[in-house]
Amino acid sequence: MSEKEERGGELTEAEKEELRKSEKGTIIELLVPVETYLSAGVHIGTHSCTKYMESFVYRVRAEGLYVLDVRKIDERLRIAAKFLSRYEPQDIIAVASRPYAYRPVQKFAEVIGARALVGRIIPGTFTNPYLSTYTEPKVLLVSDPRTDTQAIKEAAKVGIPIVAFADTDAKIDYIDLIIPANNKGRKSLALLYWALARQILREKRIIPLDGDLAVPVSEFEMRLVQ
């Protein structure tokens, strides 16, 4: 378990209760229970925060760690799902260069029928039709703007919309839609991609609006090497 995941539950009961409510004080229904978000550590940021990401921060801890607002993570997951549901699944490419994101991306693609590219992206994958690896997505989903730079640059060059999971330290150049989240933790990535996949299928009415995936969150989680 990473340090970011170990710190996942460090919010007071009062703060947890606050995260269940809108700014007007009314109870809101999140895609998953707030405790599930917190236990997976989706809200744990880094010790730095870029200007754009400040609007998604809930608070800054005494030691300087930025904590993301679970309500805003949930809201952006819904927005991203609605946006991605407008595309044919095979036109969506999800990429990951961080190992912890490999399995979440692959399971996400499998569940909704999208395509996955994990590991190093060969230069020209989206821009050079003479390459054997050349492919033409209509929308790109990236796991981390700081590491998935090759895919982002190429998608921007050919005018493909880019949706990205972004931590507090994210570089957001060329990103069209940000989903604020801990995109470095193993459990966090699993839950994020699982929730996004489920919401896309709900938006497409492939499963009921209150329906669940047949695949559990655990199947999205990268296995640790023993």
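**A buried residue and a helix pair**

Mentor: Happy to! I152 is buried, because its relative accessible area is 5%, and buried here means under 20%. Keep in mind as we go that this is a predicted model. I152 sits in helix α6, which covers residues 149-157. Leaving aside neighbours within four places in sequence, I152 is in contact with L140, V142, P145, I162, D173, Y174 and I175. Look at Y174 in that list: 22 residues separate I152 and Y174 along the chain, yet their C-alpha atoms are 7.1 Å apart.

Now let's follow L77. Apart from its neighbours within four places in sequence, L77 is in contact with L31, Y37, F165, I179, L192, A195 and L196.

Next comes the helix pair. The axes of α4 (residues 70-84) and α7 (residues 186-203) come within 8 Å and cross at roughly 50°, which means that α4 is oblique to α7. Their crossing is right-handed. On the α4 side, the contact is made by I73, L77, R78, A80, A81, K82 and L84, while α7 brings L192, A195, L196, Q199, I200 and E203. Sorted by class, this contact has nine nonpolar, one polar and three charged residues.

How values were computed. Residues are numbered from 1 along each chain as its sequence is written. This is a predicted model: local features need pLDDT of at least 70, side-chain atom pairs count only at pLDDT 80 or more; totals for chains, interfaces and linings use all residues. Side-chain values use heavy atoms; hydrogens and water are left out. Axes are lines fitted to C-alpha atoms, for helices over the stretch in contact, and angles run from 0 to 180 degrees between N-to-C directions. Helices (H or I, at least four residues) and strands (E, at least two) are DSSP runs, numbered from the N terminus. Angles under 35 degrees count as roughly parallel, over 145 as roughly antiparallel, 65 to 115 as roughly perpendicular and the rest as oblique. A crossing is left-handed if the near helix is turned anticlockwise from the far one by less than a right angle, and right-handed if clockwise. Contact means heavy atoms within 4.5 Å. Ala, Val, Leu, Ile, Met, Phe, Trp, Tyr, Cys and Pro count as nonpolar, Asp, Glu, Lys and Arg as charged, and the others, Gly among them, as polar. Buried means under 20% relative accessible area, exposed over 50%, partly exposed in between (1.4 Å probe, protein chains only).
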